[in-house]
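Let's take a walk through this protein together. Have the sequence and the 3D view open as you read.

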Amino acid sequence: MTRTASAGTYRLGARTVNRLGYGAMQLAGPGVFGPPKDTPAALAVLREAVALGVNHLDTSDFYGPHITNQLIREALHPYRDDLVIVTKVGATRGDDASWKPAFSAADLERAVHDNLRHLGLDVLEVVNLRAMFDVHGPAEGSIEAPLTALAELQRRGLIRHIGLSNVTPTQIAQGRTITSIVCVQNHYNLVHRGDDALIDQLADSGTAYVPFFPLGGFTPLQSSALNAVAARLGATPMQVALAWLLQRSPNILLIPGTSSVGHLRENLASAALELDTDDLATLDALGARP
Ligand SMILES: NC(=O)c1ccc[n+]([C@@H]2O[C@H](COP(=O)([O-])OP(=O)(O)OC[C@H]3O[C@@H](n4cnc5c(N)ncnc54)[C@H](OP(=O)(O)O)[C@@H]3O)[C@@H](O)[C@H]2O)c1
């Protein structure tokens, strides 16, 4: 068993993956647009992730656009049998790097084919429909039409499993009337705890919850309480933030993003970190603050 696997596993669609995975978004250029500053370094991060036991990669063809998928293909294709690549559709990029909704049936079919082509796959294992009613967070709105279109691509054999991203509990319930929802990917971390109740509900139904921005996103978490727990444990604040998520609920799968092999190794080593009840109480209190 690799050290990464010591954090345990969880079901993701028809597959079982290590709870510590990797999110590839940070491999594209600044603003998730254009190529990386250092392509060999980006390829090295992907190869090291898999070498260290990561078997769950998160990506999208709108990162770059196309860039992260092309890097994944160059670094890792032909893929190991146990590697699960999860992608997402529902957005596109403007020439100015903006993020725009792309929710029509034609947009979604194009996005699925773009992902297949750039990843070098015949079928996508898991595709998240990324809701864009508000680009920055979940907002109500019907997902019936786009999800029905995605389910049709699933029926045609282009997609095995479907998940939802940036969604509300109402949208998840609506989604479940259309197709099976195997995972939910929303913004959640130590200090951004709006999905606490949702995570517990999804755990009850055996559904994976995959927090994006687990380290705080483009501006990683900063907190003196987090630093104090990390110092006591001889760990780094980012490792403690990940260990807290691992202990928060068994259905949480982590996809911390980094463009650095050093940070990758540090993040994966959080699998071995155990927080005691005092640490958990200190960290839980961070999420209670307004
Ligand atoms: N569904 C969605 O809408 C959505 C939205 C955003 C992201 N995502 C997915 O979620 C994944 C994770 O989110 P994210 O990458 O944006 O945010 P994140 O994992 O919360 O944090 C990434 C940031 O933390 C830094 N970092 C990583 N490890 C570190 C360490 N050990 N010490 C110090 N800094 C560290 C990274 O910089 P360095 O590169 O310098 O390490 C980067 O700036 C993405 O890769 C993407 O796959 C999904």
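## The overall build

Along its principal axes, the C-alpha trace spans about 55 × 40 × 40 Å.

Keep in mind that this is a predicted model: local features need pLDDT of at least 70, side-chain atom pairs count only at pLDDT 80 or more, and totals for chains, interfaces and linings use all residues. Residues are numbered from 1 along each chain as its sequence is written, and side-chain values use heavy atoms, with hydrogens and water left out.

How much of the protein is buried? Of the 290 residues, 55% count as buried. Buried means under 20% relative accessible area, exposed means over 50%, and partly exposed is in between (1.4 Å probe, protein chains only).

## Strand 9 and its neighbours

Strand 9 (residues 159-165) has six of its seven residues buried, so it is largely enclosed by the rest of the structure. On one pairing, six bridges join strand 8 (residues 124-130) to strand 9, and the two run parallel. Two strands pair if DSSP finds at least two bridges between them. Look for Leu129, which stands opposite Leu164 in strand 9. To get from strand 8 to strand 9, the chain passes through helix 4 (residues 144-155), and this β-α-β crossover is right-handed. Right-handed means that, with the strands pointing away from the viewer, the path from the first strand over the helix to the second runs clockwise.

Strand 9 is also joined to strand 10, by three bridges, and these strands run parallel. Ser165 stands opposite Gln185 in strand 10. Strand 9, helix 5 (residues 169-176) and strand 10 make up a right-handed β-α-β unit. In the loop between strand 9 and helix 5 you'll find Asn166. Its phi is near 60°, a positive value in a residue other than glycine, and Asn166 is buried, with a relative accessible area of 2%.

## Aromatic rings

How many aromatic pairs does a search of the whole structure find? It finds eight. Take Tyr188 and Tyr209: their ring centres are 5.8 Å apart and their planes are at 85°, so the pair is edge-to-face. For the cut-offs, rings of Phe, Tyr and Trp (its six-membered ring) pair if their centres lie within 6.5 Å; planes under 30 degrees apart count as stacked, over 60 as edge-to-face and the rest as tilted. Both Tyr188 and Tyr209 are buried.

Elsewhere, Phe62, Tyr63 and Trp99 form one aromatic cluster. The charged end of Arg93 sits over the ring of Trp99, 3.6 Å from its centre. That label applies if NZ of Lys or CZ of Arg is within 6 Å of the ring centre and within 35 degrees of the ring normal.

## Two cis bonds

The peptide bond from Gly64 to Pro65 is cis, with omega near -15°. Pro65 is in the loop between strand 4 (56-58) and helix 2 (67-76). Another cis peptide bond joins His77 and Pro78, where omega is about 0°. Pro78 is found in the loop between helix 2 and strand 5 (84-89).

Key. Helices (H or I, at least four residues) and strands (E, at least two) are DSSP runs, numbered from the N terminus.
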